[in-house]
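Please look at the sequence and the structure shown below. The paragraphs that follow lead through the arrangement of strands, helices and aromatic rings.

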Amino acid sequence: MAHQVEADQYAPELIREAESRWEQAKLAWQGENEKWFLLRNFRLAQDQAESATRQAQSAAARAIVARDSIKVSTAADIASVRQKVNGFKERFGGIPIAKAVYQRFVQGEMLLLESEQVFERKDYSKAAEKIQTALSHIDSADTYTTQTMQAYFANIPKWQRWVAETIAWSAQRKAAVIIVYKMGGRCQVYVAGHLKAEYPVEFGP
């Protein structure tokens with residue numbers, strides 16, 4: 001019973017103690033069997049066997065509680081990380097992200113998938129380990145990207161001023177200028193202060 005509920009994983013100290021007492025019971029049994037049959041007394045062996053059984057039952061009970069606790073908490077963590085992943089994609093899906101940060105996010109998403117698969121196989125401890133690593137990766141990517149976006153938005157008034165100044169300069173000099181919107185992935189061509197063309201653009205590293 002104890003091994004069926006994976007007590008060696010969820011209650012290792014108790015199951016090791018139970019196994020140790022069981023070995024002592026077997027040794028005591030063997031020792032009595034080596035005596036002349038009228039001198040045999042199996043009381044010690046019986047006591048040790050009963051003690052080992054009680055210890056194994058305790059290990060099984062504790063393992064069930066520990067396993068169910070890990071199962072519930074890990075299921076909640078998986079759902080939380082899945083929500084974080086979806087939220088990240090919704091907020092930052094259409095903007096350029098630093099390669100290293102994006103790779104960290106992808107690693108986190110892959111660990112989330114692995115955790116879900118391991119959870120389905122009822123290996124809750126391994127699922128818990130993977131989802132915690134996934135959470136670290138996702139949170140790291142989210143924090144960095146959020147800070148980057150905050151810095152971006154803080155600069156918008158300055159950039160808007162530059163655009164206005166550039167268009168005014170184009171009108172004064174009757175010159176052509178190109179204005180690039182990196183976040184929006186487009187550029188505009190002004191001639192003599194008037195918009196003449198607009199094109200989609202792509203950016204490398």
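Tyr 181 stands opposite Arg 186 in strand 2, and Arg 186 in turn stands opposite Pro 200 in strand 3. Helices (H or I, at least four residues) and strands (E, at least two) are DSSP runs, numbered from the N terminus. The model is predicted, so local features need pLDDT of at least 70 and side-chain atom pairs count only at pLDDT 80 or more, while totals for chains, interfaces and linings use all residues. Residues are numbered from 1 along each chain as its sequence is written, and side-chain values use heavy atoms, with hydrogens and water left out.

Strands of a sheet pair through backbone hydrogen bonds, in either a parallel or an antiparallel manner. Here, an open sheet of 3 strands has the order 1-2-3 with antiparallel pairing, where two strands pair if DSSP finds at least two bridges between them. Strand 1 (176-181) and strand 3 (194-200) are at the edges with a single partner strand each, so one side of each has no neighbour in the sheet. From one strand to the next, the twist averages 20°; angles run from 0 to 180 degrees between N-to-C directions, and axes are lines fitted to C-alpha atoms, for helices over the stretch in contact.

Strand 1 is joined to strand 2 (residues 186-191) by 6 bridges, and the two run antiparallel. Within this pairing, Val 177 has Tyr 190 of strand 2 as its bridge partner, and Ile 179 has Gln 188. The two strands form a hairpin with 4 residues between them, and Gly 185 in the turn has a positive phi of about 65°.

Strand 2 also pairs with strand 3 in the antiparallel sense, over 6 bridges. Val 189 has Ala 197 in strand 3 as its bridge partner. In this hairpin, 2 residues lie between the strands, and Ala 192 takes a positive phi near 55°.

Helix 5 lies across strand 1 and strand 2, running at about 165° to strand 1. Helix 5 (residues 124-173) also packs with helix 4 (residues 99-120), at an angle of about 155° and with the axes 8 Å apart. Helix 4 and helix 5 are therefore roughly antiparallel to each other; this term applies to angles over 145 degrees, whereas those under 35 count as roughly parallel, 65 to 115 as roughly perpendicular and the rest as oblique.

A search of the whole structure finds 6 aromatic pairs, a pair being rings of Phe, Tyr or Trp (its six-membered ring) whose centres lie within 6.5 Å. The rings of Phe 88 and Phe 92 have centres 5.0 Å apart and planes at 70°, so the pair is edge-to-face; planes over 60 degrees apart receive this name, those under 30 count as stacked and the rest as tilted. Phe 88 and Phe 92 are 4 residues apart in helix 3 (residues 43-92), which means that about one helical turn separates them.

Definitions and conventions:
Contact = heavy atoms within 4.5 Å.
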